[in-house]
Amino acid sequence: MTRLHRIRHEFVELAPKTLEDGVLYVSVEYGSAVHNCFCGCGIKVATPFTPTDWSLTFDGDTVSLWPSVGNWDLPCRSHYVIERDRIHWAGDMTRAQIERGRTADRQRKSAYYRSGERQLETAAPPAKLAPSPKRSLWSRLFGRS
């Protein structure tokens, strides 16, 4: 397996059936990104964008994904951050560290949903009732038709 250090991103409505290694497919419409694990193992990794999961930043040229992607349940156990189309490899974590992180994630999600201050849409896309006209990325980002 060859670890990647640079990737490219591609904005798509739907990710292709076969993912190209080294590409982060970003769907603004469906609020998620997907890629083959950047360690080279070839396993598909999905990252939903929600206030309690991942967030994506597009600076007009590159993308960054936060927080880190920890593939603890995959055989490769890879752990990395995507910053400006670069992969920053992070260290392995012990089972206890992983469980503490998962507990903190569950508590953060629970507090967010309990707060009643915000309503979070589900990560699953809503059923489309009718095809929507294609809009440019610019119009989708800035709300112009």
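Guide: Let's start with a word we'll need: two residues are in contact when heavy atoms of theirs lie within 4.5 Å. Keep in mind that this is a predicted model.

Now pick out Tyr80. Skipping its neighbours within four places in sequence, Tyr80 is in contact with His35, Cys37, Phe38, Val45, Ser68, Val69, Asn71, Ile87, His88, Trp89 and Ala90. Tyr80 also belongs to the largest nonpolar core, a set of 16 residues. Within that core, Leu24, Phe38, Tyr80, Ile82 and Ile87 are the ones that touch the most other members. Where do the core residues come from? Strands E2 (23-27), E6 (63-70), E7 (79-83) and E8 (86-89) are the elements that give two or more residues each. E6 provides the largest share, with three residues. There's a second, separate core too, made of five residues, among them Val12, Val23, Tyr25 and Val34.

While we're in E6, have a look at Ser64, which lies in that strand. Ser64 counts as buried because its relative accessible area is 18%, and the cut-off for buried is under 20%. Its side chain has a polar atom 2.9 Å from the backbone nitrogen of Arg84. Arg84 also turns up in the contact list of Ser64, along with Ser55, Leu56, Thr57, Ile82 and Glu83, again leaving aside neighbours within four places in sequence.

Back to the contacts of Tyr80, one of which is Cys37. What about disulfides? The count is zero. The sulfur of Cys39 has its closest cysteine sulfur in Cys37, 3.6 Å away, so that pair is too far apart for a bond.

Four strands form an open sheet in the order E1-E2-E3-E4, with mixed pairing. E1 (8-11) and E4 (44-48) each have a single partner strand, so one side of each is left without a neighbour in the sheet. From one strand to the next, the twist averages 20°. Strand E3 (residues 32-36) runs antiparallel to E4, and five bridges join them. To see one of these pairings, find Ala33: its bridge partner in E4 is Thr47.

How values were computed:
Residues numbered from 1 in each chain as written. Predicted model: local features only at pLDDT ≥ 70, side-chain atom pairs only at ≥ 80, totals over all residues. Heavy atoms only, no water. Pairing = 2+ DSSP bridges. Axes fitted to C-alpha atoms, helices over the stretch in contact; angles between N-to-C directions. Core = buried A, V, L, I, M, F, W, Y, C linked by side-chain atoms within 4.5 Å. Buried < 20%, exposed > 50% of the residue type's maximum accessible area, 1.4 Å probe, protein only. Disulfide = S-S within 2.5 Å. Polar contact = N/O pair within 3.5 Å; in protein donor to acceptor, adjacent residues only side chain to side chain.
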